[in-house]
Amino acid sequence: MAQLFHRGANNIAKASLVLAVVLGGLAFFAYTYIARSSYLTGRYVEKQQPVQFSHRHHVGDDGIDCRYCHTSVETAASAGIPPTQTCMNCHGELYADQEYLEPIRASFRDNKPIKWERVHDLPGFAYFNHSIHVAKGVGCASCHGDVANMAAVYQENTLQMEWCLSCHRDPKPNIRPKSEIYNTSWDSKDITPEQQKEVDEKISKLRSKELLTSCSTCHR
Amino acid sequence: MRDVQEIRDEIYPPMVEGSHDYASVTDKISDYTLKKRTPFGWFVGFGIAFLIVQILMFTVLYLLITGVGIFGNNQPIGWAFPIINFVWWIGIGHAGTLISAILLLLNQKWRTSINRFAEAMTLFAVACAGMFPVLHTGRPWLAFWMLPYPNTMGMWQNFRSPLMWDVFAVSTYATVSLLFWYVGLIPDIATLRDRAKNPYFKFIYGCLAWGWRGSARHWHRYELAYLLLAGLSTPLVLSVHSIVSFDFSVAQLPGWHATIFPPYFVAGAIFAGFAMVLILCIPLRVWYNMKDLITDTHLVYMGKIMLATGLIVCYGYAAEAFFAWYSATDFEVYMMYNRMWGGPYWWSYWLLILCNGISIQFLWFKRFRESAFWLFIISIVVSIGMWLERFVIIVTSLHRDFLPSSWGMFAPTIFDFSMFLGTIGFFVALIFLFVRMLPVISIFEVRTLLPEAEVKRHGYDHEHGGTGSIGD
């Protein structure tokens, strides 16, 4: 009678034991990377908008303040997306005949809002409020990156819970003076002694780490 | 004067009856799997169990589509059928581990003919138990959140929660039980591989046997591995159900917060487990004509263990009542009064006492202990009783909250029952498959029980006519 298994079956059996451990371990590490990859988080992916709007041009070159368009950032949960009328404040005059601004004019004519693509999309079960972050001294750049130098805005951070918690557990490095909140290119090394005093006072008024990381702070 | 053999048989009753030798034992057990045509009754039994599995499937599907609202648990009875059934199933598994590990270390030879399917029973019971915590959340695909891994939420599990300890206890238990069962199966699978005629079965059994050839080195390693696994399993018999009991006793709820809980739960688990082993092996040995291998002596021993553990459980009931009174705490005293007389669930408590306390008293008598029929009936009554025990502990403790405004009643839905029934069907279906596909009794271990396996001291035995193995 022929042998049931080929001679090499012994090696296959032994290798399968080693491979099970090695592949299992690799799969585990692969998972930890894939779960944080921009493929899953959308990080660094530039979103194409219905109009070629450049933050670099409007904020970086022209020096328009964030709040000119995102009007409710200091008072409400949502920073606010500007209506077409805000665009038309300038573009009723400037480049009023440019082809690529036609969607803006059409929107204004037809009274139909432009469908901007949302770049930072938090899940519905996470409660986020812009105004409290600004009031406590967190600048735009801490979450959104250097928007003043982005032609097309992309998501600077993963927006995963571990990222939120990294700051809620230790907010100090992200507290900046009030004057620099909307300066997305500000370097904390440039801080002046007066500003440092202001920041220290702000830090001293922060809620405890326990409160900041309590479940119901963000999941209400 | 009685001769040596007679006394010996009284102290160590033979665990294999009839005139068996090595070859006949191997033939008999392996033929259940390989030679015998599948009996018609097998198809009937498996078919019924399989239909009940479909009830489980439907319930799970409906659960996933609709959500956990299909179950009857609601405030104040936030825990009900899912955890009752979880604890019931996980308890049943304990007998298998006790038989295979503790009785091995205690050198109890009678374990050898029942350990294989008792261990299988453990595995299947743990599988049924595991379904409840995973499914009762309504989102089983997120069950892996219970495991500590570097997740993107930046959080660890709450390691101070006994429910978390449960995850580790039960997953360890399932893993060790599976390994123990499988390692014990390897020599027998090799026997099936060598005897199978069908090339596909030969190949499958060959893969599962991992090249077992039965060399002295193989046996040496096998014995070592088996002993180590027995050593690993032994503490699990005590720890797993202790940790399950922490789910309750760590909470500061009258009726749950009692120090007696861990030993009382462990005894209850072994009690329920032996009842289930008896429920399975009494019909099995009739249908498969195994009375020579699973002898009446086995049943008597299991009956005695049931009596002993049942009495410990009764002590637990008494201790609960005593400590409620001795605590002199209004809430504790009220809880016990409400559970026994005052509350709407008084009947469940007395039914429990009837099933677990009164029924086992019959086991004091030889007549009941030695009758397979009565053992079967008592085992079924005990299984019901152990389910009621968890019902009483969970529902009667929760339905009267500290504030009368939060009092309520528990109304199970049809899905509570269909899920429970479904897991029973799943369990029975797996048992049927196991009996058909793998050696249901350990072939090589039963062979060590035969007179042939005893080392003969020739000179002495010839002179005195005994086998000379008393006390070995």
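Helix axes here are lines fitted to C-alpha atoms over the stretch in contact, and angles between them run from 0 to 180 degrees between N-to-C directions. The model shown is predicted.

**View 1. Helices H10 and H12 of chain B pack against each other.** H10(B) covers residues 296–327 and H12(B) covers residues 346–358. Their axes lie 9 Å apart and meet at an angle of about 145°. H10(B) contributes Gly310(B), Val313(B), Cys314(B) and Tyr317(B). From H12(B) come Ile353(B), Asn356(B) and Gly357(B). By type, the contact holds four nonpolar residues, three polar and no charged.

**View 2. Helix H4 of chain B carries a kink.** This helix runs through residues 81–105, 25 residues in all. From first C-alpha to last, H4(B) reaches 36 Å, close to the 36 Å expected at 1.5 Å a residue. The kink is about 35° and centres on Leu98(B). Of the 25 residues, 23 are buried, so H4(B) is largely enclosed by the rest of the structure. Buried here means 20 or more other C-beta atoms within 10 Å of the residue's own. Just after the helix, Asn107(B) takes a positive phi of about 60°.

**View 3. Chain B meets chain A.** Nine residues of chain B and twelve residues of chain A make the contact. On the chain B side, four residues are nonpolar, four are polar and one is charged.

**View 4. Chain A is divided into three domains.** Domain 1 spans 1–34. Domain 2 is built from two segments, 47–81 and 116–218. Domain 3 takes 86–115. The C-alpha centres of domain 1 and domain 3 of chain A lie 63 Å apart.

Notes. Residues numbered from 1 in each chain as written. Chains lettered and ligands numbered in written order. Predicted model: local features only at pLDDT ≥ 70, side-chain atom pairs only at ≥ 80, totals over all residues. Domains from an automatic or database assignment. Contact = placed C-beta atoms within 7 Å. Nonpolar A, V, L, I, M, F, W, Y, C, P; charged D, E, K, R; others polar. Helix = DSSP H or I, 4+ residues; strand = E, 2+ residues; numbered from the N terminus. Expected span 1.5 Å × (residues − 1). Bend = angle between axes of the 7 residues up to and from the residue. Buried ≥ 20, exposed ≤ 12 C-beta atoms within 10 Å, placed from the backbone.
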